[in-house]
Structures are given as C-alpha cells and as structure tokens.
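Please walk through the following structure, chain by chain, and then look at how the chains meet.

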Amino acid sequence: MLEYLTSLNDHNLPYPDTIHPIVVHFVIAMVVFGFFCDVVGYFTGKASLFEVGWWNMLVATIAIFVAIIFGQFEAGLAQPYSVAKSVLNLHTLIGWSLSGIITAITAWRYVIRSRNPQKVPIYYLGAGLILTLIVGVQVYLGDELVWVYGLHTVPVVEALKDGLLR
Amino acid sequence: MNSELIDQLTGSLGANGLPYTIPIHPNLVHLTIGLFIIAMTFDIVGVLFPFQKWVFKFLGITVERDNFFDVGWYNMVAASIITFFTVTAGFYEMLLATPPADMKSAWGLQAMETMLWHGVGGVFLLALIVGMTIWRGWQRFVWAKQEYKQTDREVQWLYLFAGIAIMLIMYVHGTLGAQLAAEFGVHNTADNLLRSGQDLNTSLK
C-alpha cells in the first residue's frame, strides 16, 4: 500500500491521471456560468438568476483551494523542462492570486445578497467581467502546459526519465 | 482517421495536427462536466435540505429550499446547451487525430478502440444530458405544481439516482478522453514533436 503511494507511474504520478485539470472544472464552469447568470439577471430583472450566480460563485470559491492543493502537488512532480518553466511559474502566480480574487468577490457578493437578494450593482458585474477574463488567461496557460508542453503526458515523462529532455 | 485523407489538409495543420494550437473540446468539457455535476449536487442538497438547514444557519447564509432547485435547473439547462458544442468540437478534433498504432492505454485498449468508445459515449452522454434536462423541466413545471404533491420538494429521488449513475458513466468516459490526451498524445504538440525526434527546448522556444 505504502509502495503504491510512493512509487510514480508513467505520468510521474502516484495515482493514475492528473487530478488538477478535473478540479478546475468547478472553478471555470462556475465562474463563467455565474457571471453569465448575473448579466442575464441584471438585464431581465429575474431574481432567481442572481441566486444561481451567487451559489455558483460559492462553489468556485471552495473549488479553487482544492484546485491549488492538487495543482501545487502536480506542479511539484511535473519536472518542467527549461522552456516550460516560465509558463508554469506564471500559472502558479495567477492561480494563487485567483484564490484571493475569487474569495474577495464572493465575500462582496455575500454582503450584496444579505442586504438585498433582488439586486446586483453594475460594479459587481464589472468585477465579474474582470474575473472571467483572468480565469480565461489562466485556462489558456494551463492549456499550454498540457497541450503544448505536454507536462505529465507519457511521451514527455518518458523523455525526461531517459534524460533526453531537461 | 486515414492519414492520406488527413494529408488533404496538410499545410493548414500545425505540429499538433490541428489548425490552432490549443484543442477546443477539452475546454468545453470543463463546462459540460462542471455544470452537470453542480446541477445534480444542488438538487441533492435541495432534496436533503430539511437535514442540513442547521449548516446554513450556522454559516449565516439565509436560504430557501427553492434557491437550490433554481441552481439545479439552470445549471442543467446550460449543461445541455453547451454539450452540443462539446460533442461537435470533439468529433472535429477526433477526425483529425493521428494517434500511434503501436501502444495500449492503461486500460489495455488501443487508440482506435479508445476513440470509438469515447466518440460513441459522447453522443450517448449528450442524449442522457438532454433527456435529464427535459425530465428536470417536467418536474419543475408540471410535477412540482400538481395538486397531489404535498411538499415543496421539486425533484424526484429517481432523478437523483439517475444523475449519480450518469456521473459514473462520465467518470469512465472522461478517463478515456484523458488517456487519448496524456497517453496517446492526441493533438499534443510536445508529444508529436518528441515522436518526430525533435528537441522540445529548441522547437518550442
């Protein structure tokens, strides 16, 4: 059992597949859809959409901390070769920053909702737009790490193990 | 797909076998899975609400049961709409896939078997998600409003169990997709460059 946990597979992981890209589903989807619901709610005046916006943001706030824990763990095992390093560093920096930004926005939303759940100020939508854009940049960087640099993919891990890549 | 057929497009395709650097399907997948699972989660929380009222009271979050059912409904509608695009992008990118023929995945499947299961499974899941959305809409607008219903519960137990079963199918299905990406290296720039014997630190600069 202990050996299973400490030995690494052909993805350089102690478990079958990367978990971070799964957890981020619940940050990306919830931030994007929460913002969408707030915008539609603002223009249609449908208060139930504000509820959907708030609850999705609450889920995103919890999920981003789980995403960071797995992200940090898997980044530690990623063995980024020289051209991938700067992308991973930037992804890490924005990731930690996002945990603060999302938490602050959700806290703000909690206050707005406590005072009047039927209304959302336009400034909040502005913050939501900026947040959605930062998430977009972060997703792009994460995509680059997987799809361009191939971190934790079998061929790249193999090349790193054989010393063909460093 | 037959490499001679794909060659008809060469010139417009990059090192990853696509006319763009980042595959689109895996990004839409975030939305499909995130929205579906959170929709089901909120319906489960809504149905079990009488047991967890104290948690929200403790956290200082004012809430009515209907709030959870709103999230369950709207997230499911969004999952349905977005999944048409997820499946479309998936088929486009799968038709351009050229995985290696000489290897097997961690589940002992070759690339073609993995792609066929993932392709057929994708259409099957789309049908299930759309079916769940119609069922959910019927519960929200017909079933929940019928006279014989004595509670303010908006969804049926069977719907929750069906949702959990679909999540299990999604897990298997998603793992097949992950294997196409991280084992077969489909549309992965680094993996394709390595297979053609290039040094990543110079060619990806």
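Of the 205 residues of chain B in this predicted model, 40% are buried. The secondary structure of chain B consists of eight helices and zero strands, so that reading along the sequence gives the pattern α-α-α-α-α-α-α-α. The C-alpha trace of chain B spans about 65 × 35 × 30 Å along its principal axes. Chain B has a radius of gyration of 22 Å, whereas a compact globule of 205 residues would have one near 17 Å. Among the contacts in chain B between residues at least 6 apart in sequence, 79% join residues at least 24 apart.

One helix pair of chain B can be followed in detail. Two packed helices are described by the angle between their axes and the distance between the axes. Helix α4 (residues 65-95) and helix α5 (residues 111-141) of chain B have axes that come within 9 Å and cross at roughly 160 degrees. Angles over 145 degrees count as roughly antiparallel, and α4(B) and α5(B) are therefore roughly antiparallel to each other. The crossing in which α4(B) passes α5(B) is left-handed. On the α4(B) side, the contact is made by Trp73(B), Met76(B), Val77(B), Ala79(B), Ser80(B), Thr83(B), Phe84(B), Val87(B), Gly90(B), Phe91(B) and Met94(B). On the α5(B) side, the residues are Met115(B), Gly119(B), Gly122(B), Val123(B), Leu126(B), Ile129(B), Val130(B), Met132(B), Thr133(B), Arg136(B) and Arg140(B). By class, the contact of α4(B) with α5(B) has 14 nonpolar, six polar and two charged residues.

Further along chain B, helix α7 contains Asn192(B). Is Asn192(B) buried or exposed? A residue is buried if 20 or more other C-beta atoms lie within 10 Å of its own; Asn192(B) counts as buried because it has 20 C-beta neighbours inside 10 Å. Apart from its neighbours within four places in sequence, Asn192(B) is in contact with Ala15(B), Asn16(B), Gly17(B) and Gly185(B). Asn192(B) can also be set against Asp7(B): the two are 185 residues apart in sequence, and their C-alpha atoms are 16 Å apart in space.

Chain A comes next. It has seven helices and zero strands, and from the N terminus on its elements run α-α-α-α-α-α-α. The C-alpha atoms of chain A fill a box of roughly 60 × 35 × 20 Å, taken along the principal axes. Of its 166 residues, 42% count as buried. In chain A, residues 24 or more positions apart account for 77% of the contacts with a separation of 6 or more.

A helix pair can be examined here as well. The axes of α3(A) and α6(A) are 10 Å apart, and the two helices pack at an angle of about 150 degrees. With the limit for roughly antiparallel set at angles over 145 degrees, α3(A) and α6(A) are therefore roughly antiparallel to each other. Their crossing is left-handed. From α3(A), the contact takes Ile28(A), Val31(A), Val32(A), Phe35(A), Asp38(A), Val39(A) and Tyr42(A). From α6(A), it takes Leu125(A), Gly128(A), Leu129(A), Leu131(A), Thr132(A), Val135(A) and Val139(A). The residues of the contact of α3(A) with α6(A) divide into 11 nonpolar, two polar and one charged.

In helix α7 (residues 154-161) of chain A, Val154(A), Pro155(A), Val156(A) and Val157(A) are buried. What covers the buried residues of α7(A) includes α6 (157-182) and α7 (189-195) of chain B. Just after α7(A), Gly163(A) has a positive phi of about 75 degrees.

How many residues does each chain bring to the contact between them? Chain A gives 34 residues and chain B gives 36. On the side of chain A that touches chain B, at least two residues each come from α3 (25-44), α4 (47-76), α5 (82-115), α6 (122-148) and α7. Of the helices of chain A, α3(A) gives the most to this side, with eight residues. The residues of the side of chain A that touches chain B comprise 23 nonpolar, eight polar and three charged.

Technical notes. Residues numbered from 1 in each chain as written. Chains lettered and ligands numbered in written order. Predicted model: local features only at pLDDT ≥ 70, side-chain atom pairs only at ≥ 80, totals over all residues. Helix = DSSP H or I, 4+ residues; strand = E, 2+ residues; numbered from the N terminus. Buried ≥ 20, exposed ≤ 12 C-beta atoms within 10 Å, placed from the backbone. Contact = placed C-beta atoms within 7 Å. Nonpolar A, V, L, I, M, F, W, Y, C, P; charged D, E, K, R; others polar. Rg over C-alpha atoms; globule rule 2.2 N^0.38 Å. Axes fitted to C-alpha atoms, helices over the stretch in contact; angles between N-to-C directions. Parallel < 35°, antiparallel > 145°, perpendicular 65-115°, else oblique. Left-handed = near helix turned anticlockwise from the far one by under 90°.
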